[in-house]
Amino acid sequence: MKTTSRLYDIIYGELECHRAEIYRSNNQLIFNQNNLMRKTLEYKDPYFIKMLQETLFYGTSTINQRERFEREFLQRFINRVIKYQTVDLFSTYLATFVSEYQELINYCYDKYDMLVLGQVETVSNNNSTSTNKSNSIYSNLPQNQINMNLDIDTLDYADDNTITKSRGTNSGTDKSTSSAYDIDALSKISALKEQIFKDMDSLLFSQLY
């Protein structure tokens, strides 16, 4: 007598329970047993995702990249036999595991690009102001005032007074992102994710093959 089920069987059972609701929402029967595996592994259909997040994956809501994590979970364990006789108990243990490891799971997924690709973002602000001023003085005859102040615009007793001014202002923001693929970081973060999934495997699924 069968006492436990594959994860795929559980998903198919949930689909059957929600078939009428899906029909009303989408105006067509979008799932059948032939394409369910593809729908599961792609994990893109919003009705399918909503159905599983309300049942099997209700405990994964604290994961920032929730759908990515759930997709990888299904791709890895879809044909595995669960360890427990009820779906509720399976989902409860999954929720407990996620609650305990959520910081580590979020770190692996949120920091993946930055760590593996070595992404560095540089932002620089360029603000500058320059003022240029020159006075040219020419006199044919001696004058009573012989010291001229070149900091003022009006000069007395000069036959020729030429004043030139210029002012410039430059401002701008430069933003650049550089990436350098880090194979060592990829190896380490992959090993960390692998250990998380191994721990889930041991907790949730039968180890008898």
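F205 counts as buried because its relative accessibility is 0%; buried means under 20% relative accessible area, exposed over 50%, and partly exposed in between, with a 1.4 Å probe and protein chains only. The model is a predicted one, in which local features need pLDDT of at least 70 and side-chain atom pairs count only at pLDDT 80 or more, while totals for chains, interfaces and linings use all residues. Residues are numbered from 1 along each chain as its sequence is written, and side-chain values use heavy atoms, with hydrogens and water left out.

**Aromatic pairs**

Across the whole structure, a search finds 12 aromatic pairs. Rings of Phe, Tyr and Trp (its six-membered ring) pair if their centres lie within 6.5 Å; planes under 30 degrees apart count as stacked, over 60 as edge-to-face and the rest as tilted. Two of these pairs are set out below.

| Pair | Centre to centre | Angle between planes | Class |
|---|---|---|---|
| F69 and F197 | 6.0 Å | 20° | stacked |
| F73 and F205 | 6.1 Å | 40° | tilted |

Helices (H or I, at least four residues) and strands (E, at least two) are DSSP runs, numbered from the N terminus. F69 is buried, at 1% relative accessible area, and F197 is buried at 5%.

F73 has a relative accessible area of 0% and is buried. Ring pairs join F57, F69, F73, F77, F90, Y109, F197 and F205 into a cluster.

**The nonpolar core**

A nonpolar core is a set of buried Ala, Val, Leu, Ile, Met, Phe, Trp, Tyr and Cys residues joined through side-chain atoms within 4.5 Å. The largest one has 33 residues, and L7, I11, F73, F90 and M200 have the most contacts inside it. Two or more residues each come from α1 (7-17), α4 (46-54), α5 (66-77), α6 (87-110) and α8. The largest share, 7 residues, is given by α6.

Beyond its neighbours within four places in sequence, F73 is in contact (heavy atoms within 4.5 Å) with L7, F57, F90, L94, F197, M200, L204 and F205.

**S206**

S206 lies in the segment after α8 (183-204). This residue counts as buried, at 17% relative accessibility. Apart from neighbours within four places in sequence, S206 is in contact with R80, V81, I82 and K83.
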